[in-house]
Amino acid sequence: MNHIFTRNTIYRLLYIWAIAIAFMFFGKQLEGFYTEPLLGIGIFLLVLFTIIIAAFGVVKEADELAHQLGEPYGTLILTLSIVSIEVILIAAMMFGPEENPTIGKDSIFSVMMIIMNLVMGLCILLGALKYGEQEYNAQGTSTYLSMIMMLGGISLLLPNFIQGKGNGEFMYSQAVIIASLVVLLYGVFLAFQMKGYKHLYIQPEPGKLAIPFADRSRIGQVAPEIKTANRGSEILVRSIVLIAMILPIVLLSHNLATLVDYGIKAADLPPMLGGVLIAIIVFTPESMTAVRAALNNEFQRAINLCQGAFVSTVGLTVPAVLIIGLIAGKTVLFGLTASETILFIITLILSFLTFNGRRTTAIAGVMHLLLFAVFVMLLFIP
């Protein structure tokens with residue numbers, strides 16, 4: 001098991017658990033220093049750094065499982081691990097000292113802008129600069145984008161155009177039905193992705209942009225052979241290490257939420273920065289993995305990581321946040337603002353045109369990056 005418990009893994013576990021345990025015992029006393037500018041910033045950076053280190057550990061272990069399980073199971077393990085961190089942090093913000101009814105929407109929309117424009121734009125641009133053009137599985141990509149349109153549309157756009165409670169909020173019965181339908185659609189999507197249609201999410205042969213349905217049984221991308229004698233036990237141990245990386249994030253999430261609330265209020269920053277921060281924490285490791293995949297000419301893996309991550313984010317985070325809100329009696333607002341609606345629609349249309357069944361081009365990457373720059377501008381100059 002030396003290849004699992006490497007020196008870096010042991011140091012990472014010791015560090016994140018030491019910080020988490022310290023805050024478990026002394027967290028209340030430390031809250032008295034949050035209002036002190038320098039001490040508050042120092043504590044915030046310590047908690048933020050620890051959570052990011054833990055998130056990188058989660059991605060590392062999930063990525064190791066991904067290589068053993070093969071596609072699309074591997075990428076699914078990775079995205080589900082990341083989404084679980086996102087839900088934990090959103091829930092912590094919801095129960096923070098300040099009422100934050102839009103934190104779920106802010107986080108999901110920020111993920112869309114970061115993943116679909118910044119990271120996808122970098123993947124397209126850097127990959128095109130290195131290889132000229134890159135190929136991907138057009139059918140699978142089209143399915144991802146269709147799922148984003150459906151899940152994002154009924155979760156983020158619909159609330160502003162129904163009677164409900166008004167102001168982008170679902171009624172109780174609407175929230176239950178929407179959560180159920182989102183879970184159902186995502187569940188059906190996963191079932192197809194895992195079984196009869198997994199060929200849609202695998203890199204096709206050079207010169208092709210699809211794997212015919214008739215050839216799906218001849219797909220060679222299955223889980224690679226593991227040289228260790230007990231492959232099952234290794235997967236089990238890595239899964240335990242994965243959980244051990246996630247738990248400190250759970251323990252520190254309340255402290256991070258409290259610090260973010262104090263910081264945003266004290267510095268008079270845009271409230272949406274809380275959601276942006278969650279998106280950055282959660283998806284930075286996965287984003288780096290996606291860019292590396294594009295630079296390795298594994299563009300379908302980059303798409304699986306980026307678009308698959310956002311599908312998982314909406315498919316799991318929306319129901320989770322709605323259910324948490326119903327159980328805890330918290331107000332949950334999912335309706336996008338007018339400017340966010342425009343950015344959502346432009347991102348969706350641009351993504352459909354970028355992946356319209358042809359190879360990637362550098363100019364498409366530039367357009368996605370420009371759209372992300374507009375998003376950043378509107379954060380501070382609405």
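The request is about how helix 8 and helix 9 pack against each other.

Analyst: This is a predicted model, in which local features need pLDDT of at least 70 and side-chain atom pairs count only at pLDDT 80 or more, while totals for chains, interfaces and linings use all residues. Residues are numbered from 1 along each chain as its sequence is written, and side-chain values use heavy atoms, with hydrogens and water left out.

Helix 8 covers residues 273–295 and helix 9 covers residues 299–328, where helices are DSSP runs (H or I, at least four residues) numbered from the N terminus. The two pack at an angle of about 155 degrees, and their axes are 6 Å apart; axes are lines fitted to C-alpha atoms over the stretch in contact, and angles run from 0 to 180 degrees between N-to-C directions. Helix 8 and helix 9 are therefore roughly antiparallel, a label for angles over 145 degrees. Their crossing is left-handed, that is, the near helix is turned anticlockwise from the far one by less than a right angle.

On the side of helix 8, the contact (heavy atoms within 4.5 Å) is made by Phe 283, Glu 286, Thr 289, Ala 290, Ala 293 and Ala 294, and helix 9 contributes Phe 299, Arg 301, Ala 302, Leu 305, Cys 306, Ala 309 and Thr 313. By class, nine of these residues are nonpolar, two are polar and two are charged, with Ala, Val, Leu, Ile, Met, Phe, Trp, Tyr, Cys and Pro counted as nonpolar, Asp, Glu, Lys and Arg as charged, and the others, Gly among them, as polar.

Key
Angles under 35 degrees count as roughly parallel, over 145 as roughly antiparallel, 65 to 115 as roughly perpendicular and the rest as oblique.
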